[in-house]
Amino acid sequence: MIPSDSIGTPQGLEGERRFDAPTLTWPEDVLGFARLLSNYAETGLAMHLRKGFAFRARFPMRTLVLAHPRHLYRVLRSHALNYPKDRDYEFLRPLLGDGIFVSDGDLWTRQRRLLAPEFRPNAVQRFLPGMVENVGSLFAEWDRAPGAARDVSDDMMRLTLWIVGSALFDSSFRAEAEKIGHALELCLTQGTLQMMSMGLLRPWMPTPGNRAAQAAQRDLDDIVRQVIARRRATGDGSDMLSRLLTAKDPDTGTGMSDAQALDEVKSLILAGHETTSLTLSWALYLLSRHPDVEARLVDETRRVLGGRAPTAEDLPKLEYTRMVLSETMRLYPPVPGVPRRAREADRFDGIEVAAGERIALSIYATHRHPEFWTDPDRFAPSRIDAVTPYSYLPFLLGRRACLGEHFAVLEGILALAMIVDRYRLERVDTDAIATRPISTLRLARPLRMRVHPRGTVSTFQHFGPTGI
Ligand code: HEM
């Protein structure tokens with residue numbers, strides 16, 4: 001997890017270079033679309049390797065697909081105002097309302113300013129004890145059935161929900177956080193299906209999936225409203241929600257309405273748990289296939305932690321843990337692609353962009369492109385590639401970059417280091433796990449592992465073949 005600041009400014013991206021941006025032929029387009037539906041990340045990468053860094057698809061809608069860092073820089077940074085989040089995010093609106101993830105314009109600026117202080121590098125350190133406590137609760141579950149096969153990807157999902165839930169509402173609200181997470185997941189999956197059906201499945205249709213999502217959304221709103229009402233009534237609490245409810249915009253002196261707070265709480269839980277959970281699951285998966293990397297990581301965590309809970313002082317010493325997470329997110333960026341829309345016509349590097357044109361940024365393809373990474377599909381946390389600016393952006397960069405990056409980095413390092421220090425995780429089967437991109441880059445099937453406390457680890461080594 002290289003924090004975005006260390007990416008530096010995009011020097012070297014200027015200069016003359018022409019890109020053709022060929023339009024796919026109809027067979028390529030239609031076949032590509034079928035593949036796209038099943039796995040847009042892999043299909044996008046294959047298309048970029050064949051067609052170049054920029055190409056155009058026409059089916060089912062005209063889209064300019066970009067993967068070169070200089071184009072990502074243009075869309076996300078230098079000309080970001082011309083490339084807002086747009087219609088592609090509308091499917092989230094019934095769920096997240098005007099929350100920060102989907103809003104734009106003045107409202108977004110105001111909300112980002114109100115929320116940002118909670119997520120600064122120094123500010124997120126105060127969540128460390130809560131994170132450690134939640135990891136400890138997961139360990140208590142693991143210790144009740146040592147060696148039993150578990151769905152570790154589900155464990156990571158619950159853990160990251162607890163963590164974001166206790167940061168927002170204190171740990172006493174863990175049960176609520178879990179209910180909220182499940183309801184969000186249901187609504188999100190249904191929303192994604194609606195979006196991918198290209199109009200065939202509408203939110204108002206009385207299908208079982210739609211009805212379940214609507215019920216989940218009502219429950220969700222009720223739970224969060226009750227929490228907000230309790231906080232307003234008592235006015236106490238040291239969690240993030242209490243501070244958000246009293247935060248005032250420095251310019252206008254106004255605070256957040258309950259309706260806005262409801263949307264922000266849902267947005268933070270949605271944006272703040274699945275991404276981190278997927279990073280941890282992919283990291284554990286990769287470690288199970290790379291015993292050499294795992295051994296080095298164990299060495300670091302034993303040296304730095306040796307079985308005790310981490311403190312803020314330990315974090316800089318967990319450098320290899322950080323490198324493992326960074327490399328995991330290069331290979332498996334939790335958000336593998338990002339859509340935008342051109343407000344006005346634009347022209348760069350020989351590419352003409354029409355006003356209103358849909359743009360797709362292939363983060364997954366940029367992260368695995370041989371022009372920027374040696375042996376790009378190899379898991380190599382110690383790789384020494386000089387990172388081209390805007391070739392590595394799991395948290396995105398620019399104006400709409402992830403708000404929770406420092407929170408996620410802290411959480412990821414703590415959780416991975418604590419897990420590896422205390423347990424050896426052994427895959428139940430050794431088959432490779434494919435990617436299943438929805439909005440996030442999910443694992444195509446559960447990561448089933450046996451969890452052995454270190455010290456009582458069976459001598460049976462069950463590593464899969466190396467390679468991804
Ligand atoms: C490894 C973990 C994470 C990754 C890889 C990640 C990645 C991203 C990415 C790529 C975006 C931009 C999405 C887009 O434009 O479509 C984003 C936005 C966002 N993320 Fe994260 N995220 C992570 C964890 C978190 C956490 C823990 C939180 C909060 C607790 C969070 C809060 C947000 C918010 C609020 C936004 C919207 C920002 C805005 O539009 O102004 N994220 N994240």
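Colleague: Which residues of H2 are buried?

Modeller: Tyr-40, Ala-41, Thr-43, Gly-44, Leu-45, Met-47 and His-48. Buried means 20 or more other C-beta atoms, placed from the backbone, within 10 Å of the residue's own. This is a predicted model, where local features need pLDDT of at least 70, side-chain atom pairs count only at pLDDT 80 or more, and totals for chains, interfaces and linings use all residues. Numbering runs from 1 along each chain as its sequence is written.

Colleague: How far does H2 reach?

Modeller: Its 12 residues, 40–51, reach 15 Å from first C-alpha to last, close to the expected 16 Å. The expected span is 1.5 Å times one less than the number of residues. Helices here are DSSP runs (H or I, at least four residues), numbered from the N terminus.

Colleague: What follows H2?

Modeller: Gly-52, with a positive phi near 110 degrees.

Colleague: Switching to H14. How many of its residues are buried?

Modeller: 11 of 13, so H14 is mostly covered. Among them are Arg-322, Glu-327 and Arg-330.

Colleague: What do they pack against?

Modeller: The buried residues of H14 pack against H12, H13, H15 and H16, with contact meaning C-beta atoms, placed from the backbone, within 7 Å.

Colleague: And the ligand: which residues are closest?

Modeller: Ala-271, Gly-272, Thr-275, Cys-402 and Gly-404, out of 23 surrounding residues.

Notes
Near = placed C-beta within 6 Å. Buried ≥ 20, exposed ≤ 12 C-beta atoms within 10 Å, placed from the backbone. Helix = DSSP H or I, 4+ residues; strand = E, 2+ residues; numbered from the N terminus. Contact = placed C-beta atoms within 7 Å.
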